[in-house]
Amino acid sequence: YTITNPIDIRVLKPYSKRSSRELLNLPKDKKLIGFGAVNAVSDINKGFDKLHEALSQLNEDYELVVFGSNEGESSHDFKLKVWYLGQLSDDLSLRLLYSALDVFIVPSRQETSPLTAVESMACGTPVVAFGTTGILDVVLHKKTGYLAEPYNSEDLSKGIKWVLECEHPEKITLDSRQHIVENFDSKIVANRYLSAYTDR
């Protein structure tokens with residue numbers, strides 16, 4: 001069986017979307033799509049190229065927020081505005097970032113345990129990703145986000161629109177947070193490790 005990596009849900013939790021955007025100097029009147037990782041743009045496994053393909057199918061009502069890379073590292077031209085935030089290393093900055101977003105994208109070709117997806121959902125922001133490898137242990141399809149057909153950028157774009165245009169975004173927000181609280185809290189994960197040893 002699988003035991004997930006834990007996070008501190010008391011630190012990574014929802015914060016006011018408006019206040020988060022004010023503090024990060026992000027627009028308040030746009031739907032914001034997030035993407036980020038260590039070497040987010042340069043590591044081909046992180047799927048920045050697939051994200052570019054997916055976003056090219058969206059209109060300009062949305063804007064992209066990237067962390068983990070600077071603007072000069074990207075060779076992609078986007079038709080929608082992109083905000084590059086560089087490296088974010090502390091939990092407060094990450095909490096503000098995830099809370100400022102409307103959806104977070106994990107277009108990775110493979111993942112063991114995608115921490116950014118867990119962090120995003122802990123802050124109430126749903127995740128869209130390719131339905132493969134470790135992300136399957138995190139995202140619940142059409143409940144806490146959307147699992148696209150692996151490496152199909154058209155379906156990834158469809159998932160982004162599904163989240164951004166849903167009738168009840170507050171429900172996805174609550175479900176995302178609750179799923180992480182129930183499955184990724186450090187106390188719960190510690191008890192699972194304990195059971196793994198004592199049940200043998």
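## A loop residue with positive phi

With a relative accessibility of 37%, Thr133 counts as partly exposed; a residue is called buried under 20% relative accessible area, exposed over 50%, and partly exposed in between, using a 1.4 Å probe and protein chains only. This is a predicted model, in which local features need pLDDT of at least 70 and side-chain atom pairs count only at pLDDT 80 or more, while totals for chains, interfaces and linings use all residues. Residues are numbered from 1 along each chain as its sequence is written, and side-chain values use heavy atoms, with hydrogens and water left out.

Thr133 lies in the loop between β5 and β6. Helices (H or I, at least four residues) and strands (E, at least two) are DSSP runs, numbered from the N terminus. Most residues other than glycine have a negative phi. Thr133 is not a glycine, yet its phi is positive, at about 50°. Tyr151 also has a positive phi, near 70°, and is likewise not a glycine. Tyr151 sits in the loop between β6 and α5 and, at 36% relative accessibility, counts as partly exposed.

## The sheet

In what order do the strands of the open sheet lie? The six strands are arranged as β3-β2-β1-β4-β5-β6, and their pairing is parallel. Two strands pair if DSSP finds at least two bridges between them. The edges are held by β3 (82-84) and β6, each with a single partner strand, so one side of each has no neighbour in the sheet. From one strand to the next, the twist averages 20°; axes are lines fitted to C-alpha atoms, for helices over the stretch in contact, and angles run from 0 to 180 degrees between N-to-C directions.

The parallel strands β5 and β6 are joined by four bridges. Val128 has Tyr146 as its bridge partner in β6. Helix α3 packs on the sheet, where it touches β1 (31-36), β2 and β4. The direction of α3 makes about 160° with that of β2.

## Nonpolar cores

A nonpolar core is a set of buried Ala, Val, Leu, Ile, Met, Phe, Trp, Tyr and Cys residues joined through side-chain atoms within 4.5 Å. The largest one has 28 residues, and Val127, Ile135, Val138 and Ile180 have the most contacts inside it. At least two residues of this core come from each of β2 (62-67), α3 (91-100), β4 (103-106), α4 and β5 (127-130). Another core, of 27 residues, lies apart from it and includes Val41, Phe48, Leu55 and Tyr146.

Contact means heavy atoms within 4.5 Å. Not counting residues up to four places away in sequence, Val127 touches several residues, among them Phe104, Val106, Ala117, Met121 and Tyr146.

Helix α6 (residues 169-183) has 15 residues. The expected span of a helix is 1.5 Å times one less than its number of residues. For α6 this gives 21 Å, and the end C-alpha atoms are 21 Å apart, which agrees. The buried residues of α6 are Ile172, Asp175, Ser176, Arg177, His179 and Ile180. What covers them includes α4 (115-122), β6 (145-148) and α5 (153-164).

Val189 belongs to helix α7 (residues 186-198). Is Val189 buried or exposed? Val189 has a relative accessible area of 1%, so it is buried. Leaving aside neighbours within four places in sequence, Val189 is in contact with Ile3, Thr4, Asn5, Pro6, Asn183 and Phe184. Val189 and Asn5 are 184 residues apart in sequence, and their C-alpha atoms are 7.2 Å apart.

## Salt bridges

The structure holds nine salt bridges. A salt bridge is a side-chain nitrogen of Lys or Arg within 4 Å of a carboxyl oxygen of Asp or Glu. In one of them, Arg10 pairs with Asp185, with the closest N and O atoms 3.0 Å apart. Arg10 lies in the segment before α1 (17-24) and Asp185 in the loop between α6 and α7, 175 residues apart. Arg10 is partly exposed at 43% relative accessibility, whereas Asp185 is buried at 7%. Asp8, Arg10 and Asp185 are linked in a network of salt bridges.

Lys46 and Glu111 form another salt bridge, at 3.3 Å from N to O. Lys46 is in the loop between β1 and α2 (48-55) and Glu111 in the loop between β4 and α4, so the pair ties together parts 65 residues apart in sequence. Both are buried: Lys46 has a relative accessibility of 17% and Glu111 one of 18%. Glu53 and Lys50 also meet in a salt bridge, at 3.7 Å from N to O. Both lie in helix α2, three residues apart, about one turn of the helix.
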